[in-house]
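Please look over the sequence and the structure shown here before reading on.

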Amino acid sequence: MALLRSLVSTLKKGLQKTQAVLTMDLRDLVRGRVLDDALIDEIRARLLKGDVGPKTTDRLIEGLRRDVKERKLTRGEDAIEYLKRELSRQWPAEERGLRRAASGPTVVLVTGVNGAGKTTSVAKLCALLRSQGHSVLLAACDTFRAGAVRQLEIWAERLGVSVVKGQQGGDPAAVAFDAAAAAAARGVDFLVVDTAGRLQTQDPLMRQLAKIRGVLARRIPGAPHETLLVLDATAGQNALRQAEEFNKALGAESGPGAGLSGIFLAKLDGTAKGGIVVAIHEATRVPVKFIGTGETPEDVEPFDPAAFVEALFAEPA
Ligand SMILES: Nc1nc2c(ncn2[C@@H]2O[C@H](COP(=O)(O)OP(=O)(O)O)[C@@H](O)[C@H]2O)c(=O)[nH]1
Ligand SMILES: [Mg+2]
């Protein structure tokens, strides 16, 4: 419980803006009122404003109306308890930790659009894994943007890990190949692969990503064990669309093991729309595995739905 409490307090920091809009608002809204149709309509508007998304919002509101009709809920405050309960239930006990290789290095491939927070999130994953006692090697596969390799190297120096890199403008798949070979030869626990920003609609770049995956798989059986999409939480419904489309472009429909295996939701500290976590999960079923709450490698948390919902609806301090 102490762990949960400390998680909740870190999350509360990251979710302050969301709380300001979604929760504090919601608590003020319902205080002392009867839970009638008019109030339910207002709650609905607040959920949409918090980016919980139309689909989830409709499901929640429908259930709320049903329970009110059956007289299970009567007071405005009951609505908060109901929403907390329903949102926690939305996440079954699915695997939210990193998938691991049965033997040899576990390969984590990180993708997403430009500026989403990929490189920073790679540093965060690295810091988290190092703090758990794992050895980590990084691959600088963003050969496109000038300064991208250097940015990763600076974090790597601070975190005390090595980076495999190539030529600026070179083939990122070649870097991936070298990195996989180095990871296998050195017997590291994790290889984390940073990549260039791409849009899910840019076919050549999506093919390049598929090529990187293929190269990793040839060198290390089962790799990449994780394909994480980094999303900018401040992008709201755009983030949701990216999740859906990257997942599809990576072959989610072609069977288990394809598609995305998880989401790293960055910049949760900068958004009033933390409800997007709920919407993304409902739309894609891809688990949010990590959240980013700041600009340093320490600003990362494994995603914990119970703590998340608790923080979302916590009374302001
Ligand atoms: N506030 C905040 N800023 C972040 C977070 N993650 C990344 N950033 C910032 O977002 C910007 C882009 O990050 P970067 O990792 O270079 O994105 P990339 O282009 O996807 O590799 C940088 O200014 C980062 O410091 C986060 O969780 N919170
Ligand atoms: Mg980058």
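Helices (H or I, at least four residues) and strands (E, at least two) are DSSP runs, numbered from the N terminus. On that basis, the protein has 12 helices and eight strands. This is a predicted model, in which local features need pLDDT of at least 70 and side-chain atom pairs count only at pLDDT 80 or more, while totals for chains, interfaces and linings use all residues. Residues are numbered from 1 along each chain as its sequence is written, and chains are lettered from A and ligands numbered from 1 in the order in which they are written.

**Overall organisation**

A residue is buried if 20 or more other C-beta atoms, placed from the backbone, lie within 10 Å of its own, exposed if 12 or fewer do, and partly exposed in between. Of the 317 residues in the protein, 47% are buried. Two residues are in contact if their C-beta atoms lie within 7 Å. Among contacts with a separation of 6 or more, 76% join residues 24 or more positions apart.

Helix α3 (residues 37–49) has 13 residues and spans 19 Å from its first C-alpha to its last, close to the expected 18 Å. The expected span is 1.5 Å times one less than the number of residues. D51, with a positive phi near 70°, follows α3.

**The ligand site**

A residue is near a molecule if its C-beta atom lies within 6 Å of it. Around ligand 1 there are 19 residues, of which G117, K118, T119, T120 and G292 come nearest. Helix α6 (residues 118–131) supplies the largest share of this shell, with three residues. The shell has three nonpolar, 11 polar and five charged residues. Here Ala, Val, Leu, Ile, Met, Phe, Trp, Tyr, Cys and Pro count as nonpolar, Asp, Glu, Lys and Arg as charged, and the others, Gly among them, as polar.

**Loops and backbone geometry**

G115 is placed in the loop between β1 (106–111) and α6. G115 counts as partly exposed because it has 13 C-beta neighbours inside 10 Å. The C-alpha atoms of G115 and D232 are 8.1 Å apart, although 117 residues separate the two along the chain.

Most residues other than glycine have a negative phi, and most peptide bonds are trans. A cis peptide bond, with omega about -10°, joins A223 and P224; P224 lies in the loop between α9 (203–219) and β5 (226–232).
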